[in-house]
Amino acid sequence: MRPTLTAGPTVDKTGGISASSTDPARSAGERPPTGRARVLSGITPSGPLTLGNYLGALRRFVSEQDRADCFFFIADLHALTTPQDPRRLRELALQTAALYVASGLDPQRSTVFLQSQVPAHVELAYLLESTAYVGELGRMIQFKQKGGQPGTRASLFTYPCLMAADILLYQASSVPVGGDQDQHVELARDLAVRFNREYGVTFVVPTLARAALAARVADLADPAAKMSKSAPDSAPGVIRMLDPEPVIARKIARAVTDSDGEVRYDPAAKPGVSNLLDIVAFITDESPDVVTAGVSTYRELKAECTGRVVDVLAPIQRRYAELQADPAALLDVLAFGAERARTEAAPVLARAKAAMGLPPLARA
Ligand code: AQP
C-alpha cells in the first residue's frame, strides 16, 4: 500500500538528477542534507472530497509525514482547467485545506499550502511549456478523454506542465498519486531529464510511487466507475468525507450489488460486492478475504461497511467542525505553508530561469 520512497537525489548517467543517493544537497546544490525523502502530492478542489480521496490519497499523505519531508498542496489552479463557479471554488479550496488538517496532516511537520499562493508554480510551468512538445501533451489520456473540443480550455492541454512544475519546484523524490496520474508523473520525469540535458543539471528527476498498489474506491451506484469528487452533489454512489452518518448509511444501503446473494470477493463478476469488501479491507488493513469470512449476507456486509466508514470519518468530521469555528486559524496555517513553499521554490525557479538565459532581477 506504500509508495516507493528513496532517500534523495543524485546525478545520474542521463545527466539528470535521480532520487537515489542519500545526500540531496551534494547534487542539487540547494537542499540541506536531511537524509529524508521528499514527497509531494496534491488534490484538486473540483468537488467535496470523497471516501476515495481519503483512502486513496489523504490517508497515504498522513502516513508519509513521519518518514519524509512532505509538501501537500491544494491544487486550485488545476481546478481552472474546467469551468468552476468562483465562489464555490474558493469554498472548496478552503474546505479541502481544512480536511487535510482534520485528517491528520500536521502543518508543522508537513508544508500544507494553496498552489495559487505560490506564484513560482505558474512561472515554472511556463518555462516547462517552453520545453514540452505539443505531441507529448496531446498524448495525455486525460486530455484525450476530457478535451479536444473547440471549447476545451487551453489550460487542460497545458496543465501537465503545471503538474511537472509542482513536482520539480520542490525537488520531490517521490510522488504518491493514483494510477490515472502516472502518465503525468512520467512527463514530469521526461521534462526534467530534457531540461537537465539541454540547460544543465537543474532538477531532481522524481520516481513514480507505485500507484498500482493504492486503494481504488468505486462508485457505489456504478461500480465500474471510480468514486469521483466532481460527480454531482446529489450522486447517490459517492460518499463525501463530510456526509453525516444517516447519509452514509443510506448510500451504502442502496449500493448496487447483484442477485446471487453470495458474499464473495470477485471484482470482475461481482464488482459491487467486491467494492464494499474492498472499502472495509482498506479501512481495516486486512485482505478482502478476511473481511469476507466475517460476514455472511449482503445486509451484514453493508452494516459492517457503514460502521467502518462512519468510524473512520467521524473523528475527522469532529476536528473539521472545530477548525470551522476558527476560520482565521486555518488561513494562518495556509499563510505559513505558502511562505515555506515560496522559500523552498524560489532558488529552484531562479536556477531554472538563469539556465534558460533569463537575466536575474538584481545583481547577486
Ligand atoms: N475513487 C478513488 N479511489 C482511490 N483514490 C482516489 N483518488 C481520487 N478518487 C479516488 C485519489 O485522490 C487524489 C485526488 O487527485 P485529483 O484531485 O488530482 O483528482 P482525481 O485523481 O481526478 O480524483 P477525483 O476525485 O476523481 O477528482 P475529479 O472528479 O475532479 O476527477 C489522487 O491521488 C487520486 O488517486
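Thr111 and Phe113 point one way from strand 5 and Val112 and Leu114 point the other way, and all are buried. A residue is called buried if 20 or more other C-beta atoms lie within 10 Å of its own, exposed if 12 or fewer do, and partly exposed in between, with C-beta atoms placed from the backbone. Helices (H or I, at least four residues) and strands (E, at least two) are DSSP runs numbered from the N terminus. The model is predicted: local features need pLDDT of at least 70, side-chain atom pairs count only at pLDDT 80 or more, and totals for chains, interfaces and linings use all residues. Residues are numbered from 1 along each chain as its sequence is written.

The chain contains 14 helices and eight strands. Of its 364 residues, 46% are buried. Among contacts between residues at least 6 apart in sequence, 72% join residues at least 24 apart; two residues are in contact if their C-beta atoms, placed from the backbone, lie within 7 Å.

Strand 5 (residues 111-114) pairs with strand 4 in the parallel sense over four bridges, where pairing requires that DSSP finds at least two bridges between two strands. Within this pairing, Phe71 stands opposite Thr111, and the bridge partner of Phe72 is Val112. Strand 4 (residues 68-74) is mostly covered, with seven of its seven residues buried. Ala68, Cys70, Phe72 and Ile74 lie on one side of strand 4, and Asp69, Phe71 and Phe73 on the other. Strand 4 is also joined by seven bridges to strand 3 (residues 37-43), and these two strands run parallel. Val39 stands opposite Cys70 of strand 4. A right-handed β-α-β unit is made by strand 3, helix 2 and strand 4. A crossover is right-handed if, with the strands pointing away from the viewer, the path from the first strand over the helix to the second runs clockwise.

The largest nonpolar core has 98 residues, and those with the most contacts inside it are Ala97, Leu124 and Ala164. Helix 8 (residues 154-169) supplies the largest share of this core, 10 residues. At least three residues of the core come from each of domain 1 (10-209 + 326-356) and domain 2 (245-324). Such a core is a set of buried Ala, Val, Leu, Ile, Met, Phe, Trp, Tyr and Cys residues joined through C-beta atoms within 7 Å, and the domain bounds come from an automatic or database domain assignment. Leaving aside neighbours within four places in sequence, Ala164 is in contact with Leu128, Leu187, Ala188 and Leu191.

Helix 11 (residues 271-284) has 14 residues, which at 1.5 Å a residue should span 20 Å, and its end C-alpha atoms are 20 Å apart, in agreement. The expected span is 1.5 Å times one less than the number of residues. Because 12 of the 14 residues are buried, helix 11 is largely enclosed by the rest of the structure. Among the buried residues of helix 11 are Gly272, Asn275, Asp278 and Phe282. Their cover includes helix 2 (51-64), helix 12 (288-293) and helix 13 (298-324). Asp285 follows helix 11 and has a positive phi, near 60 degrees.

Pro223 is placed in the loop between strand 8 (207-208) and helix 10 (245-253). Pro223 is buried, with 24 other C-beta atoms within 10 Å. Not counting residues up to four places away in sequence, Pro223 touches Ala218, Val256, Pro271, Gly272 and Asn275. The C-alpha atoms of Pro223 and Ala255 are separated by 8.9 Å, although these residues are 32 apart along the chain.
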